[in-house]
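Have the viewer open as you read.

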Amino acid sequence: MLTQAPRGTKDVLPAESYRWQYLETKMRRSAALAGYREVRTPVFEHTELFARGVGDTTDIVQKEMYTFKDKGDRSITLKPEGTAGAARCFLEHNLYADALPSKMYYLDAPIFRYEAPQSGRLREHHQFGCECFGAKEATTDAELILLAFHLLKDLGISNLSVNINSIGCPKCRPLYHQALKEFLADRFDGLCPTCRERFERNPLRVLDCKEKQCRELTKDAPSMLNMLCGDCAEHFEQLQECLRSADIPFAVDARIVRGLDYYTKTVFELITRTKDGDLTVCGGGRYDHLVEQLGGPDMPAVGFGMGLERVLMLLDAEGIEIPSPGWYDAFVTYMGDNRIQAFRLTEALRKEGIRCDMDHCGRSLKAQFKYANKTGAPVTATIGDEEAAAGTVRLKRMSTGEEQTVPAGRAAETIRTMLA
RNA sequence: GUGGGUAUAGCGUAGUUGGUUAACGCGCCAGAUUGUGGCUCUGGAGAGCGUGGGUUCGAGUCCCACUACUCACCCCA
């Protein structure tokens, strides 16, 4: 269908775009408070970037990317996540040669994943994300978690839980993998069919299974947290210390496993409880080896991504109203042959910074007022023959109906006082 | 990718066991004596019933396929 947006995409209509703008404003402010500055990277990148960065065994890379050949026979992919592009940008422009850490955020960045759309899940969605390159201390991980937490809190979202975990580093994780596999191998026959498949591909995922039988079997499974190397253990301990000092509620959830290969040490999720179950609004973690893996220097980094559509969805679910800026400050109505006078008044008001409009459909005065009322304009400015002859304008406060006549030259000024 | 549900004007719905020009609410437009909104009243425009086949004298109502939307699984923001 020509008149239908592609599956999994959504239009943001003029009547609701202010909600997005509201979020954007809040997000920019939060980021700026912690020293994050905006970065804008392309919507598409070389496919290779994601294959190497995100990991070519991940679901995202294996089956969810929008990949195509451009006319120069290059394999191009629409961003399936935000971090890889930021890392590439950081590297390409040698930002590591500047003062570190290098902190950046992206906003409203379109993210594409070919998945079956459903509640809270689109093929094109938008993220706000923060990335910090060049800092290895857990204070960074903590500041990012706090940034996301306070932002959501500030927006009015309750039921927020912060879950953290550490998935170790290339030094200790293989050991854990092995231990877990050995543990699972002994119980393989008792696992559900999906978990038997997961056993090879991603054994960590088995710990997250919802099947009763699997939960029982994995109750005493070894925990990554007990097998962290000294460095990772200390880092994780420091992170918790930071979070405790910030006095925010958080839980260590050893089952958090992120679907992207680049994560090391810290991984975290901000989850909210809705009537239809839990919804992750924000996810992130540390990726100390991504930059190096892309051919850059050894460079620790942390970041998170937050789905705007999901945030908006939660605000709806909780009945949180976003203040509307309104449409017009004033509406110009006119009678008879005073169209040009009305046009000039409208333009004059706009020059004074008053958001206004006039009738463009040749409607009757009555209809013009109806329209003004519908748009929610708080003030109307009317020009009829009398006003035109006297060089005045008739102003009306729509909420009370009170009217006054003022010289045309003072219209803007008077309207401003009426709005105050 | 797999399974379930749905598909009638801009939106939300009604359409009895298949039978004349498809109904209602909201919204939209226009009026209710001369220069004015929000309430009320009146009138009007707007769909041929997701698409394509089939059954039938006749289908929005039955059958098939396709598509879209939606929910769940998987995975994720």
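Thr 266 touches Asp 141, Asn 165, Ser 166, His 235, Leu 239, Gly 284, Gly 285 and Arg 286, leaving out residues up to four places away in sequence; contact here means heavy atoms within 4.5 Å. Thr 266 sits in strand E9, residues 264-274. Helices (H or I, at least four residues) and strands (E, at least two) are DSSP runs, numbered from the N terminus. Thr 266 has a relative accessible area of 1%, so it is buried. On that scale, buried is under 20% relative accessible area, exposed is over 50%, and partly exposed is in between, with a 1.4 Å probe and protein chains only.

This is a predicted model, where local features need pLDDT of at least 70, side-chain atom pairs count only at pLDDT 80 or more, and totals for chains, interfaces and linings use all residues. As for bookkeeping, residues are numbered from 1 along each chain as its sequence is written, chains are lettered from A and ligands numbered from 1 in the order in which they are written, and side-chain values use heavy atoms, with hydrogens and water left out.

Back to Thr 266: its side chain makes a polar contact of 2.7 Å with that of Asp 141. A polar contact is a pair of N or O atoms within 3.5 Å; within protein, one must be able to donate a hydrogen and the other to accept it, and residues adjacent in sequence count only if both atoms are side-chain atoms. Asp 141 also belongs to a network of salt bridges that links it with Asp 231, Lys 265, Arg 286 and Asp 288.

Now for charge pairing in general. Side chains of opposite charge can pair when their charged atoms come close. The cut-off used here for a salt bridge is a side-chain nitrogen of Lys or Arg within 4 Å of a carboxyl oxygen of Asp or Glu. How many salt bridges does a search of the whole structure find? The count is 27, and the table picks out a few of them.

| Salt bridge | N to O distance |
|---|---|
| Asp 70 – Arg 74 | 2.9 Å |
| Lys 103 – Glu 143 | 2.7 Å |
| Asp 278 – Arg 273 | 3.7 Å |

Lys 103 and Glu 143 pair up in a salt bridge. This pair ties together distant parts of the chain, with Lys 103 in strand E5 (residues 102-112) and Glu 143 in helix H5 (residues 138-155), 40 residues apart. Glu 143 is partly exposed, at 26% relative accessibility. Asp 278 counts as exposed at 53%, as does Arg 273 at 62%.

Ser 102 lies in it and is buried, at 12% relative accessibility. Its contacts, again without residues up to four places away in sequence, are Phe 90, Leu 95, Glu 131, Cys 132 and Phe 133. Asp 108 is in strand E5 too, but it is partly exposed, with a relative accessible area of 23%. Among the residues that Asp 108 touches are Trp 20, His 126 and Gln 127.

Gln 127 leads on to the RNA. A polar side-chain atom of Gln 127 lies 3.3 Å from a sugar or linking oxygen of RNA strand B.

Which residues come nearest to RNA strand B? Of the 45 around it, they are Arg 7, Arg 113, Arg 121, Arg 205 and Gly 259; a residue is near if one of its heavy atoms lies within 4 Å. This surface divides into 10 nonpolar, 15 polar and 20 charged residues. Here Ala, Val, Leu, Ile, Met, Phe, Trp, Tyr, Cys and Pro count as nonpolar, Asp, Glu, Lys and Arg as charged, and the others, Gly among them, as polar. Helix H13 (365-375) is one of the elements that supply at least two residues of the surface, and H13 gives the largest share, 7 residues.
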